[in-house]
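I set aside some time today to look through this structure and kept notes as I went. Here they are, for anyone who wants to follow along.

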Amino acid sequence: MRTKTQLLPIVLSIALLASAISGFAADPSSLFLNANQMLIATGKPSLVLMSKGSTHIPVWSMSGGTVGQSVAGLVTGLSRDCAAVKVEIVVTSTDETTSPEFQDVYRVHLSQMVENAPFTERYALGKPVRTALPAAPFHSRTIVLESYYEVLPDAPLTVRIQREPGDPGDTFIKPTGLAAVKVTPLKALPKPHIVQDVPGYNSWPMIQAIGDKLVCVYGRGKGHTIASNDRAVYARTSTDGGKTWTPETVVADASGYGEVAVGKGLDSTGAMLLWVRRIGKNEWNHDLYRSTDGTAFTLVATPELAVRPMQITDVFSVPKVGLMALWFGGDYSDKPTQSWGMMTSSDDGKTWAQTAIESGLLKADWPTEPAAVYLGDGKILAIARTETGPAQFQIISTDYGATWTRARTNISDVSASTPSLILDAKTGLLSNYYYERGRGILRRRIVDPNVVFDHPLSWPGSEAVAIGSPIPWDAGNANATVIGDTHFVSFYSGKSPDTSVMVSETPAPVSKK
């Protein structure tokens, strides 16, 4: 890239970048910062011109080798009904080595200047966002850096954009050009329905549809504990989309044990299955329950397992196999003691076979709390939580679960974020729901699974579904189900010792084809 004082023509497809920036303006309520409206915040990025003939587009050149470079601008004029904003950027590269085999990483710093408060008070640091470069130089990309930052509409918003060449995910060592920033005002999100908010630590819900009935199962105890004798498992049902719920019934409350619901699903008859972890003084078990109405639950099995799972997760059906559920086990230490695998049943859950897929893992490589869907033709796609960051795992199989491949995704707006997947029968679109702890945001990413199956770094940006408590361990654990064209996602939220179980409803994604 040439500096502004060296206006030499650059042979590039300038129309591609111009088109991207003009397409950026599709939403008339959006606000924009072009390169000339931003200033150096940190480091020494350069303001440069990309030129062809008499067309010149200013961009900020962000180094691929020097860390700490960022530019900032001030956004004003947010509408009075603005509750939050989405922040996107347009970037490009002129280097001949530009290729999808490389990725770069950006993040956004956001803050507001609020009356009678330090301008650091509403500061939020966005998570690093990793994306693949385009197929060739001079092509542009639009990248979502933040999908939901809550704002006060009458306060100026400071936006600072930073490239992160020191991040291991940034593999492109050449400069890139930041052309524009788009800030889109968003209205307040719908409030979730309350399932249970009696005093106590109501938490770790599972939600499952039995026909047109919602069944929400959750635990309650005195705190964020899994083995204490005061913790039991309860259920409530709803036939009006979560607006009202039947009285609470007890699913599991064995004396001397702490019990937590850890996985749900359906058997071949459409009855609900529920995994409940039961921990006693010298015991650690997983009990499988079955229910046809979401009120009465019958114990089906307590399998004896060679490797003790921390959790057995949601049950799903796989042709030629039967029922399948993924599990993970370990002690959360930094030693190579972590593992994961699958459970399979050919008799609707009466008996189970356990298979370890990976053992002796370090915590950084350990996929926990996985959710999976069967895509057809032997393909299974799973997303798993990461205990150390920076992004969720994607695990795939092409042979009905006989072999598996694990990789990192670019889903980085996470923090101990348990995923939950829904594959829509009508559209074939896959929704990944997860709760970003510490920010208090229930998020969703929607994708054609064929796009990401072999390309786990190609997940599109997230959208916010609901807002909950930002207290890191007193909120989270998304779990989703579907009735018709509506998704229902349960989570818990509050402040210890009292938390509530919530359910958000959101329309199923619509295909753009």
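My entries below go from salt bridges to rings, a strand residue, the surface and the backbone.

**Ground rules**

I am working with a predicted model, in which local features need pLDDT of at least 70 and side-chain atom pairs count only at pLDDT 80 or more, while totals for chains, interfaces and linings use all residues. Residues are numbered from 1 along each chain as its sequence is written, and side-chain values use heavy atoms, with hydrogens and water left out.

**Entry 1: salt bridges**

My rule was a side-chain nitrogen of Lys or Arg within 4 Å of a carboxyl oxygen of Asp or Glu. That gave me 23 salt bridges.

I looked up Arg278 and Asp287, which meet at 2.6 Å, N to O. For burial I used relative accessible area: under 20% is buried, over 50% is exposed, and partly exposed lies in between (1.4 Å probe, protein chains only). Arg278 counts as buried because its relative accessibility is 14%. Asp287 is buried too, with a relative accessible area of 2%.

Next I checked Arg443, which forms a salt bridge with Asp413, the closest N and O atoms being 3.4 Å apart. This pair links distant parts of the chain: Arg443 is in strand E32 (residues 441-447), and Asp413 is in the loop between strands E29 (405-408) and E30 (420-423), 30 residues apart. Strands and helices here are DSSP runs numbered from the N terminus (strands, E, at least two residues; helices, H or I, at least four). I found both Arg443 and Asp413 to be buried.

Then I turned to Lys426 and Asp485, whose closest N and O atoms are 3.1 Å apart in a salt bridge. Lys426 lies in the loop between E30 and strand E31 (430-436) and Asp485 in the loop between strands E34 (476-483) and E35 (486-495), so the pair ties together parts that are 59 residues apart in sequence. Lys426 is exposed at 71% relative accessibility, and Asp485 is partly exposed at 47%.

**Entry 2: rings**

I paired rings of Phe, Tyr and Trp (its six-membered ring) if their centres lie within 6.5 Å; planes under 30 degrees apart are stacked, over 60 edge-to-face, and the rest tilted. The count came to 11 aromatic pairs. One of them is Phe102 with Phe172, a tilted pair at 5.8 Å centre to centre, with 50 degrees between the planes. Phe102 is in the loop between strand E6 (84-92) and E7, and Phe172 is in the loop between strands E11 (157-163) and E12 (176-186), 70 residues apart.

Is Phe172 buried or exposed? Phe172 counts as buried, at 2% relative accessibility, whereas Phe102 is partly exposed at 24%. I also noted that ring pairs link Tyr201, Trp204 and Tyr492 into a cluster.

For charges over rings, I asked for NZ of Lys or CZ of Arg within 6 Å of the ring centre and within 35 degrees of the ring normal. Arg308 has its charged end over Trp284, 4.0 Å from the ring centre. Arg220 lies over the face of Tyr234, at 4.3 Å from the ring centre.

**Entry 3: around Val373**

I picked Val373, in strand E26 (residues 368-376). Val373 counts as buried, at 9% relative accessibility. Beyond its neighbours within four places in sequence, Val373 is in contact (heavy atoms within 4.5 Å) with residues including Ile380, Leu421 and Leu430. Val373 and Leu430 are 57 residues apart in sequence and 9.0 Å apart in space, C-alpha to C-alpha.

**Entry 4: surface and backbone**

I placed Met113 in the loop between strands E7 (103-112) and E8 (124-125), and Met113 is partly exposed at 42% relative accessibility.

Most residues other than glycine have a negative phi, and most peptide bonds are trans. A cis peptide bond joins Gly389 and Pro390, with omega about 0 degrees. Another cis bond joins Ser496 and Pro497, with omega about 15 degrees. Lys320 has a positive phi, near 70 degrees, and is exposed at 75% relative accessibility. Ala416 has a positive phi near 50 degrees, and is buried at 15%.
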